Amino acid sequence: MDFQAHPKMAIISYQLGDEAVAVRLEREGEVVRVVIVDRVYEAGVIHLRAGEVTFKVDGITHTAFVASDGSTRYVAIAGDVFELKKPDARRARRVQHHGEDNLTASMPGQITKVLVCEGDAVQRGQPLIALEAMKMEIKIAAPHAGRVARVLVTQGQVVDRGQALVELSDEY
Amino acid sequence: MKTIDKLLIANRGEIAVRIMRACQELGIRTVAIYSEADAQALHVRVADEAIPIGSAAPQESYLRGDRIIAVAQSAGAQAIHPGFGFLSENADFADAVREAGLIFIGPSGGSIRRMGNKTRARAIMQLAGVPIVPGYEGGIDADFGEAAGTIGYPVLVKAAAGGGGKGMRIVHAPKDLYDAIESAQREAEKAFGDPTIFLEKYVEHAQHIEFQVFGDTHGTVVHLFERDCSTQRRHQKIIEETPAPLLDDELRQRMSEAAVTAAQAVAYHNAGTIEFIVDPQTREFYFLEMNTRLQVEHPITELITGLDLVKLQILVAVGEPLPFTQDQIAARGHAIECRVYAEDAANGFLPAVGPVLLAKFPTMPGVRVDAGLETGDEVSRHYDPMIAKIIAYGQDRVAAIRKMDAALANTTILGVTTNVRFLRDVLAHPVFQRGEITTNFIEREFAAFRPDVNDKSDLALIAAALTDIQLTPDLLTTHTLPGALRSRLPTTNSDPWLAGDGFRIGG
């Protein structure tokens with residue numbers, strides 16, 4: 001995946017209950033225009049930290065708490081909890097990958113489990129490493145199908161943010 | 001006078017933590033016990049010492065009285081607090097603790113025993129002049145049909161040794177009576193080893209109002225006002241409040257006198273609760289049972305009286321007299337407790353288990369939280385799925401309800417399904433707002449409960465999308481983040497959420 005560009009638009013899709021919902025975000029100067037189906041909002045982030053986002057929608061400030069567990073994302077707004085899931089994989093678009101990916105630790109933490117061995121063939125979305133950070137277990141999943149080229153950490157190891165955990169090759 | 005400098009808490013979860021907090025204030029060191037499932041639990045972390053007691057199953061750990069007493073002795077504790085549930089109403093355990101030379105923070109084994117058997121308790125209450133639900137304890141089956149007719153249907157078939165709804169049947173018509181008696185007997189035999197059953201009039205639209213009583217070992221018994229616990233699901237309380245909306249001073253006076261009489265009839269000392277059912281139409285009240293222990297809902301009594309019931313329990317357990325007379329106890333304002341459970345209210349209140357990814361509790365004036373877990377802890381399938389008690393105080397009932405709703409809006413539990421939305425919907429229901437809850441309210445009004453939160457789903461989607469997009473460097477509004485914070489954000493290619501290809505960049 002290439003995030004180096006400076007795109008002005010993104011579409012993120014979520015599964016909410018039985019419904020797949022696409023959220024379209026467009027940057028317009030300081031604000032983000034959000035389109036959900038036919039509803040249009042003006043939004044902006046005020047403050048973001050691990051597990052918590054304070055944001056503005058049409059001038060009103062809200063704080064949401066966010067946590068992820070596997071393919072489920074929990075979002076709480078004023079005490080009400082929503083379970084968002086990744087959209088159905090079959091409907092999702094494939095992303096092109098080339099060469100090798102270095103999977104890195106998203107937060108400083110401790111490796112609780114190494115779930116794959118070098119040489120393993122893995123499916124897209126398959127958990128590779130379980131990392132405990134901020135009392136949360138985070139599963140590092142394969143961004144695409146491929147083969148584990150190298151496992152760079154062991155169970156129990158303490159890692160820094162950004163530290164490489166697994167090298168994943170495109171080739172089967 | 002005996003003294004305690006170390007106390008063992010024979011319990012887990014929020015009540016163990018709550019007892020430990022009282023001990024910390026009193027300068028008493030605390031010993032936790034824990035099962036294999038609880039090695040990292042909050043009550044283990046809060047205690048000064050923690051000792052493993054057995055495997056996850058309660059029969060092999062929190063119910064092993066023999067091991068618990070041995071652990072208390074080897075740890076050098078002088079006293080055991082049983083909390084509620086588990087061994088708290090086990091008369092043999094209370095006796096064994098005292099025979100081992102330890103202080104049991106609770107009533108005498110004799111008091112527990114006399115109140116534990118329901119037919120015996122009814123007989124004692126009748127003798128003491130406390131009104132009991134019209135009923136029949138007769139010996140041979142042939143009499144039950146006639147007795148039920150005299151009492152009037154519907155009747156309740158109950159197990160003498162019962163509790164928790166086991167061995168209990170509601171019978172609406174004579175033709176169903178004998179089947180109900182037989183199955184209740186079988187269930188009671190299995191659950192309690194005693195098939196004795198009795199009949200009680202079933203008061204269909206009843207309120208459950210209980211009185212907190214407190215006795216010392218010098219013969220003084222006082223009451224600390226009432227609690228309305230009519231909001232129940234599956235015969236278990238979920239919302240409690242005090243004062244009870246139904247009671248006026250006259251009825252409160254009569255019921256409190258009956259409660260004190262009931263406690264005195266079994267020479268009661270320490271904290272106890274006399275449960276009554278009240279018919280709101282006739283305003284008649286009947287003794288239901290006595291709980292010979294601290295109650296889950298004790299905090300609302302603490303908020304309106306300003307007393308600490310656990311500290312009082314310890315005080316009277318070492319032989320001190322109660323530090324006040326009845327006349328010196330005053331109640332002020334209104335308090336409500338909501339029990340936050342890991343359960344699915346839209347699906348038969350099915351318990352939910354698993355790791356709690358985030359537990360965030362309200363901090364605001366007039367709100368107290370007694371929690372059994374924190375972020376990163378687990379709701380275990382082995383034990384009661386209560387996560388926390390949220391307790392709110394207001395100058396009157398309307399203020400307390402508003403406070404509670406605000407407190408629940410600031411209660412965030414992620415990872416397991418909870419009843420927070422359900423509790424808020426119950427609070428908002430007109431019947432609750434009017435203070436006219438009867439014990440069948442939840443099943444009558446909330447049988448088809450579905451959380452209706454669609455008005456907020458777009459906000460949730462926007463929050464998720466903004467969070468995900470912020471994880472992408474240089475995209476959209478990343479520049480609003482302080483530099484130090486931005487550097488701590490996860491990188492895109494390792495975030496499991498973004499790892500899939502549901503995320504598309506274009507434009």
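**View 1. The space inside the second largest pocket.** In this predicted model, the second largest pocket holds about 920 Å³ of space, where a pocket is an open set of points on a 1 Å grid over the protein atoms alone at which a 1.4 Å probe fits, with protein on both sides within 12 Å along at least five of seven lines, and where the volume is the space filled by probe spheres set on the points. Residues are numbered from 1 along each chain as its sequence is written, and chains are lettered from A in the order in which they are written. Totals for chains and linings use all residues.

**View 2. The lining of the second largest pocket.** The lining consists of 37 residues, each having an atom within 4 Å of a point, and A:Val81, A:Phe82, A:Glu83, B:Pro451 and B:Val453 lie nearest the pocket's centre. Strand 8 of chain A gives the largest share, five residues, while helix 13 (420–428) and helix 16 (457–470) of chain B are among the elements that each supply at least two; helices (H or I, at least four residues) and strands (E, at least two) are DSSP runs numbered from the N terminus.

**View 3. The fold of chain B.** Chain B contains 18 helices and 24 strands, and its C-alpha atoms fill a box of roughly 85 × 55 × 45 Å along the principal axes. Of the 507 residues in chain B, 60% are buried, meaning under 20% relative accessible area with a 1.4 Å probe and protein chains only. Among contacts (heavy atoms within 4.5 Å) between residues of chain B at least 6 apart in sequence, 64% join residues at least 24 apart.

Definitions and conventions: Predicted model: local features only at pLDDT ≥ 70, side-chain atom pairs only at ≥ 80, totals over all residues. Heavy atoms only, no water. Buried < 20%, exposed > 50% of the residue type's maximum accessible area, 1.4 Å probe, protein only.
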